[in-house]
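These are my notebook entries on a structure that I looked up for the first time. I set down what I searched for and what I found.

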Amino acid sequence: MQFTRTLPKELVHRSAAAEVFLTDAERRGEDEIVLAARFPRQHAFYDDTLGPRTHHDPFLLLEACRQGIFVVAHRHLGVRLGHKFLLRAVEFEVPDPAALARGDGPTEAVITTRIEQRFRTRTGVRGLGLRFALVIGAREALLARIDYSWMPPDDWTRLRARQRDALGLPAVPVALRGQRVDPALVGRRAAANTVISPPRAADDGAHTARLFAETTHPTLYDHWVDHVPGMLELEGFRQLALRASVSAGAVRTSSPLPVALAARFRRFAEMDLPLECRTTRAVAGADIQCTLRQPGALAAEARIRLADTCRPARTARAVQP
């Protein structure tokens, strides 16, 4: 497999070449595709951390897997470019955090991808459940699963118009604004990389904050979408869980690693509705439960585990339907 040039950006649904991490794809069987990835020496979003930049952010590796869902659909299932995609569920664990250690230059990885499930409708396959094993060198750095679906652009337009009309929202959303958290409180250096409001702590240890969609962010909104992207929702969970963990003394560093996550996306999160992110009390070594709600509805839920030591992760339990 080659690592010298990236795949076409339209194939992985990115508009900036710098945001494309996959470099090759090869089909090895009916249900197996092997992907090659190359991660930059430094990334303005994923490497923005108060801690030492000694390890890759697992969310960076997850993003490479997310880009793989488009490659599998377009290149190996014949789904046309222009179709709209929707994340349904995401899970990952870091079995060997030491495998995330950074070298002196860009990092190359091989991602074995298996089709575990095909979601069918009357018109054929309209979604997949993919399992990923990302290896750096000879070590497993990330194990993940992503469930997702797709639809033709006309169907998407009708669906979104119907949903937004039912909520009394205009056709074109405009993201809500508000005060952002101090970046140091969520392990960041750059204020532009914060996605939540200053968190509020309850007597039971729960934390709440507003989630904001900054549609000019070069990574989280690499291109325009009419809702809050799933990776932004996960980042909101991570930042609020980090704050809850530091406040409770459940971690010892200001920038712990997310070593396990299991999330399910219940409905579109609308950027022009108030979005409340909430975490339960943080306990060292345990999953933190997170929810994202907009008026009248649960948009997403997750469990996330943070760790500040290089110990193998215990698998996060999947969020049940």
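**Entry 1. Terms and model.** I call a residue buried under 20% relative accessible area, exposed over 50% and partly exposed in between, with a 1.4 Å probe and protein chains only. By this rule C65 counts as buried, at 0% relative accessibility. The model is predicted: local features need pLDDT of at least 70 and side-chain atom pairs count only at pLDDT 80 or more, while totals for chains, interfaces and linings use all residues. Residues are numbered from 1 along each chain as its sequence is written, and side-chain values use heavy atoms, with hydrogens and water left out.

**Entry 2. Cysteines.** I looked for disulfides, taking each as a pair of cysteine sulfur atoms within 2.5 Å. The structure holds zero of them. C277 is buried, with a relative accessible area of 1%.

**Entry 3. Aromatic rings.** A pair of aromatic rings is described by the distance of the centres and the angle of the planes. I paired rings of Phe, Tyr and Trp (its six-membered ring) if their centres lie within 6.5 Å; planes under 30 degrees apart count as stacked, over 60 as edge-to-face and the rest as tilted. The search of the whole structure finds nine aromatic pairs. The pair of F21 and F39 is tilted, because the ring centres are 6.0 Å apart and the planes stand at 55°. For the elements I used DSSP runs numbered from the N terminus: helices (H or I) of at least four residues and strands (E) of at least two. F21 lies in the segment before β1 (22-29) and F39 in strand β2 (residues 32-39), so that the pair links distant parts of the chain, 18 residues apart. F21 is buried at a relative accessible area of 1%, and F39 is buried at 0%.

The pair of F45 and Y46 is edge-to-face, because the centres are 5.1 Å apart and the planes are at 75°. Both F45 and Y46 are buried. I note that ring pairs join F21, F39, F45 and Y46 into a cluster.

**Entry 4. Charges over rings.** I counted a charge as sitting over a ring if NZ of Lys or CZ of Arg is within 6 Å of the ring centre and within 35 degrees of the ring normal. R188 has its charged end over the ring of F45, 4.3 Å from the centre. R160 lies over the face of F268, at 4.2 Å from the ring centre.

Entry 5. Rolling a probe the size of a water molecule over the atoms shows where empty space is left. On a 1 Å grid over the protein atoms alone, a cavity is a set of points where a 1.4 Å probe fits but cannot get out, and a pocket is an open set with protein on both sides within 12 Å along at least five of seven lines; lining residues have an atom within 4 Å of a point. Grid points are joined across faces, edges and corners, and a volume is the space filled by probe spheres set on the points.

The largest pocket has a volume of about 990 Å³. Of its 49 lining residues, F85, W156, V225, D226 and H227 are the closest to the centre. Which elements give two or more residues to the lining? They are α1 (58-76), β3 (84-93), α2 (153-166) and α3 (230-248). α2 gives the most, with eight residues.

I classed Ala, Val, Leu, Ile, Met, Phe, Trp, Tyr, Cys and Pro as nonpolar, Asp, Glu, Lys and Arg as charged, and the others, Gly among them, as polar. The lining of the largest pocket then has 26 nonpolar, nine polar and 14 charged residues.

**Entry 6. Cavities.** The search of the whole structure finds two cavities of 30 Å³ or more. The largest cavity holds about 50 Å³ of space. Its lining includes S245, A250 and L306, and divides into eight nonpolar, two polar and no charged residues. The second largest cavity holds about 40 Å³. Among the residues that line it are R180, E214 and H217; by class, the lining has six nonpolar, two polar and two charged residues.
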